[in-house]
Amino acid sequence: MLELIMTFATFVLQSSEPAIPPTAAAALAVGLAAFGAGYAERGIGAAAVGAIAEDDDMFGRGLILTVLPETLVILALVVIFVV
Amino acid sequence: MSIQNQGGSNYEYVTARVRSRRARLFDEDDYRKLTRMGTGEIARFMEESEYETEMNALGSRHSGGDLIEYALNRNLAANFEDLLRWADGRLYDYTARYLRKFDAWNVKTTLRGIYSDAERGEVEDDFIRAGELGEARLNRLLDAASMEEAIEALRGTMFHGPLTAALEIYEEHGELVPLENAVDRGFYGRLLEGLPEEPDRATELYIEFLRAEIDFRNLRNAFRLAYSGADIDPADYYIDGGRLFDEGDLRQLASNPDELAARVRDSPYGEDLDAALDGLERAEGLVGFENALDAALLEYSDQLSNRYPLSVCPVLGYVLAKEREVDNIRAVARGREAGLGEDEISEELVIL
């Protein structure tokens, strides 16, 4: 296992190409941002559903608060155009 | 119901629901209105509030103070049952720990019912079905005709062991006290069992609260014994696990109210209870002191639930506030029935 990693590392270090090409890195960035947004929405969503269960009027507010972290992904999308 | 100790806790969901319910409890204005009403009006007021379902369900069978009392109990049970249904993981464990006190209440009610040969229906009305004992077990308890049967029905619960031990003493003396003590011991013995070794700050505070609950129970017993002057060995009522007294202290202090008060003043609770102790020394009676104990607890739990929003604290704050609300409305209704004046009733209320 260790040898395999060593070989891989030498290969990566010796090749002139970057290990992660720019477009792949951008895709990763967006993906990680989406992951973060999803994690944030988990908590907010749970709380929002709780509030809505007690009081139907909270639906609109709950929905807005739940999708707020989605802005993270939108901002991360900028990376795609920068690359 | 089994103890669900696996998986994560869903603090966000439970906290949101609990806070919403906490906000809908009666506030000071409502109480001011309530203290001016007769029992009939209180019943109507409750029908238009959170208690609607219970009032409608019981309205045909009971009336007056009884109707209000039973509706309150049922609503309390329904609300706390909800808490247990929502909560997962450790949160469930923490919540159930405290709510098991209603199991203790139900068991005590049954034993008292058997002792006094009460009708099955009467005992059932007094049940608060908020704890962990399921419907089937409670029914078996209700069906029990003798102490032995009732205790047998509790096999596998935390009450079975202590009750079996106390049964002999009961049969010797024919007194209910040892059995009731056994129930309390069963409950308080489990209260602090199996808590995490290195809790986070919020959980630590919760454990501290449970400990305070034991202390306050001991304190109440001590003050009652001290003021009633009854010739009972206080050690019989002593509950282990608090940080205020040990068994010997209690025996010594119960015979001397002044020393007892001084002891409490020096304790960690002294600051919160200072005013209450002053009142007690001016001989304003035990009721004021006990209410001050409750108010101090309530205020503290409110503070905690703001400081640690994603913990067991908001749930605890709600449970306490709901209990106080039920106690308050009951006090108003019973007070009205007994013909007490507005001021006298307000003294009985615990309002923040």
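Figure 1. With a relative accessible area of 45%, Ala27(A) is partly exposed; the value falls in between the limits of under 20% for buried and over 50% for exposed. This view, like those that follow, comes from a predicted model. Ala27(A) belongs to helix α2 of chain A, which covers residues 22–54. Its C-alpha lies 8.9 Å from that of Leu77(A), although 50 residues separate Ala27(A) and Leu77(A) in sequence.

**Figure 2. A nonpolar patch on the surface of chain A.** The patch is made of Met1(A), Leu2(A), Ile5(A) and Met6(A). Together these residues have about 530 Å² of accessible area. Leu2(A) is part of helix α1 of chain A, residues 2–14. Leu2(A) counts as exposed because its relative accessibility is 67%, and the limit for exposed is over 50%.

**Figure 3. The interface of chain A and chain B.** Nine residues of chain A touch eight residues of chain B, in the sense of being in contact. The two chains, A and B, bury about 670 Å² between them, and 53% of this area is on carbon and sulfur atoms. Four salt bridges are counted between chain A and chain B.

**Figure 4. The salt bridge of Glu54(A) with Arg17(B).** Over all chains, the structure holds 29 salt bridges. One pair crosses between chains, with Glu54(A) in helix α2 of chain A and Arg17(B) in helix α1 of chain B, residues 11–23. In the salt bridge of Glu54(A) with Arg17(B), the closest N and O atoms are 3.0 Å apart. Glu54(A) and Arg17(B) are both buried.

Figure 5. The salt bridge between Arg21(B) and Asp82(B) has its closest N and O atoms 3.1 Å apart. This pair links distant parts of the chain: Arg21(B) is in helix α1 of chain B and Asp82(B) in helix α5 of chain B, 61 residues apart. Arg21(B) and Asp82(B) are both buried. A network of salt bridges links Glu54(A) with Arg17(B), Arg21(B), Arg24(B), Glu50(B), Asp82(B) and Arg85(B).

Figure 6. A salt bridge joins the side chains of Arg112(B) and Glu180(B), with 2.6 Å from N to O. Arg112(B) counts as partly exposed because its relative accessibility is 34%. Glu180(B), in contrast, is buried, with a relative accessible area of 18%. Lys108(B) also belongs to helix α6, residues 89–115 of chain B. Lys108(B) is buried, at a relative accessible area of 14%. When neighbours within four places in sequence are left aside, Lys108(B) is in contact with Glu180(B), Val183(B) and Asp184(B).

**Figure 7. Aromatic pairs in chain B.** A pair of aromatic rings is described by the distance of the centres and the angle of the planes. Over all chains, the structure holds nine aromatic pairs. One of them is the edge-to-face pair of Phe80(B) and Tyr318(B), with 6.5 Å from centre to centre and 80° between the planes. Phe80(B) and Tyr318(B) are buried. Phe187(B) and Tyr188(B) also form an edge-to-face pair, at 4.8 Å centre to centre and 65° between the planes. Both of these residues, Phe187(B) and Tyr188(B), are buried. Elsewhere, ring pairs join Phe26(B), Tyr31(B), Phe45(B) and Tyr51(B) into a cluster.

**Figure 8. Gly189(B) in helix α11.** Gly189(B) is found in helix α11 of chain B, residues 177–191. Its relative accessibility of 46% makes Gly189(B) count as partly exposed. Gly189(B) and Asp240(B) are 51 residues apart in sequence, with a C-alpha to C-alpha distance of 7.5 Å.

**Figure 9. The backbone at Asp117(B).** Most residues other than glycine have a negative phi. Asp117(B) is not a glycine, yet has a positive phi of about 55°. Asp117(B) sits in the loop between α6 and α7 (120–126) of chain B. With a relative accessible area of 69%, Asp117(B) is exposed.

Conventions. Residues numbered from 1 in each chain as written. Chains lettered and ligands numbered in written order. Predicted model: local features only at pLDDT ≥ 70, side-chain atom pairs only at ≥ 80, totals over all residues. Heavy atoms only, no water. Helix = DSSP H or I, 4+ residues; strand = E, 2+ residues; numbered from the N terminus. Buried < 20%, exposed > 50% of the residue type's maximum accessible area, 1.4 Å probe, protein only. Contact = heavy atoms within 4.5 Å. Phe/Tyr/Trp six-rings, centres within 6.5 Å; stacked < 30°, edge-to-face > 60°. Patch = residues over 30% accessible without salt bridge, like charges linked within 9 Å, V, L, I, M, F, W, Y side chains within 5 Å. Areas by Shrake-Rupley, 256 points an atom, 1.4 Å probe, with all protein chains shown as cover. Buried area = accessible area lost by both parts, 1.4 Å probe.
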